[in-house]
Amino acid sequence: MAHYMIKGGTSLVGEVEIAGAKNAALPIIAASVMTNETVIIDNVPDVSDIRALLDAIRSIGAYVEKINRHSFKINGSAINRQTAVDNEYVRKIRGSYYLIGALLGKYRLATVALPGGCDIGLRPIDQHLKGFRALGADVRFVPPGMARAEAERLVGSHIYMDVVSVGATCNIMLASSMAEGLTIIENAAKEPHVVDLANFLNSMGARIKGAGTDVIRINGVDRLHGTEYSIIPDQIEAGTFMMAAAATKGDVTIRNVIPKHLESISAKLLEVGCQISEEDDAVRVAAAKRLGRTTVKTLPYPGFPTDMQPQMTVLLGLSNGTSIVTESIFESRFKYTDELTKMGAQIRVEGNTAIIEGVDSYSAAYVKAPDLRAGAALVIAAMAAEGFSEISDIHYIERGYEDFTEKLKKLGAQIDRVETENDKRNFKFRVS
Ligand code: EPZ
């Protein structure tokens, strides 16, 4: 099994290019099969969750051609509506649930294995199902662990979401794009990837208004057409590099970003004493001295993203004073703090709140990545710690970060992806 070996203690300095957003690419790839014409999608991140979804659409008959590493030509005309979407990878990723909305909208029938994803607490899909049912679909669970949604007619409806859910908002947008008449989603999620999906569907001929606000209006259309579309930059990958720059007292310019999407992260970094400057499509983060404390509460966009909570906690673990981080989106997203404690962090978790007593430095350790974002956060901690750390279960990190080690190395980090004892010895020999 591959690990990351890291020798910490080096400040990250330089420039890094951010890839396309994984969480926008997932619903967009699902949406691409809703037309029988060809769709070209650019700026697709090369990460394992995306490869799994591309394989899933291939497995039901879609044509998928890789034009280059980040561009794909997709044609969904040969999909067999009866074929269930199921394989071991579909069951591991979360984004596979977008195929329920997409196929239900196009074919009025979808049979999809229930989604997996990171273990960050209970992740129900009741709001997705409530939305499909409101459009007139019959939704039931069928063995082995599949959701089957079927409708003779899909008819637009007024849907009030009980919780702000990115997944449910996108899924209902997908199905209702091809329903009869008007659908209104109230209390919709406003994340940049929700807007990106709406823009993509509109470029295929859908009629969606209001994405990015909490009321989205979708006028259903009979058919969607081909398009070429480029996915937005990944807000969370960018935020992760911002935290890495701050935690290693570095100076990093993060390119190919939309600074507006990073405002809640920039604001917190400014508050703790980082220097931040913005260009049209770049943000520079520099930290010369020990940073200060703050309080953070995760919230739906435009609030502070839950997907940045572990990285922020790692940073605050090194800051001066007592910080409080409250997780309000997922019920158990602090499991990684046990691993961080092994590196010397002083964190007490009470319910959905972490109380962090900043320490002067972390110590190197052997830790396990418990999920995607927490895994990335532990890499940041290891880069800030003196000495050799080893991180296992990195397949989680590779679900969502393209070329993570290569990008970090370019910034001066001493990190390698190692497979064998020999690789480890070589790494130690090289960086000692
Ligand atoms: C998406 O998950 C992302 N995943 C997550 O990113 C991200 O953390 C999350 O949105 C919040 O921004 C993908 O886009 C594939 P939600 P999703 O539905 O859609 C509750 C990452 O690291 N809820 O917005 O599953 C839910 O339990 C991943 O890239 C219901 O109660 O999240 C949670 O408390 C991790 N019923 C809250 O809503 C539902 O039917 C928000 O979840 C749906 C959600």
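Hi everyone. Before we start, please keep in mind that this is a predicted model.

Where does it sit? The ligand is in the largest pocket.

How many residues surround the ligand? There are 25 of them, and the closest are Gln 127, Ser 165, Val 166, Asp 307 and Ile 329. If we sort the shell by class, we get twelve nonpolar, six polar and seven charged residues.

Now let's zoom in on single atoms. Asp 307, one of the closest residues, has a side-chain N or O atom 2.5 Å from an oxygen atom of the ligand. Asp 126 has a side-chain N or O atom 2.8 Å from a ligand nitrogen. Then there is Arg 373, with a polar side-chain atom 2.8 Å from an oxygen atom of the ligand. And how much of the ligand does the protein bury? On its own the ligand exposes 830 Å², and the protein buries 90% of that.

Which residues are joined by cis peptide bonds? You can find Pro 144 in the loop between β7 (138-142) and β8 (146-150). Another cis bond runs from Tyr 301 to Pro 302, and here omega is near 10 degrees. Pro 302 belongs to the loop between β17 (295-297) and α9 (309-316).

My last stop is Asn 187. This residue is not a glycine, and yet its phi is positive, at about 60 degrees. To spot Asn 187 on the screen, look in the loop between β10 (182-186) and α6 (192-203).

How values were computed. Residues numbered from 1 in each chain as written. Predicted model: local features only at pLDDT ≥ 70, side-chain atom pairs only at ≥ 80, totals over all residues. Heavy atoms only, no water. Near = heavy atom within 4 Å. Polar contact = N/O pair within 3.5 Å; in protein donor to acceptor, adjacent residues only side chain to side chain. Areas by Shrake-Rupley, 256 points an atom, 1.4 Å probe, with all protein chains shown as cover. 1 Å grid on protein atoms, 1.4 Å probe; cavity = no way out; pocket = protein on both sides within 12 Å on 5 of 7 lines; lining within 4 Å. Sits in = over half its atoms within 2 Å of the grid points. Nonpolar A, V, L, I, M, F, W, Y, C, P; charged D, E, K, R; others polar. Helix = DSSP H or I, 4+ residues; strand = E, 2+ residues; numbered from the N terminus.
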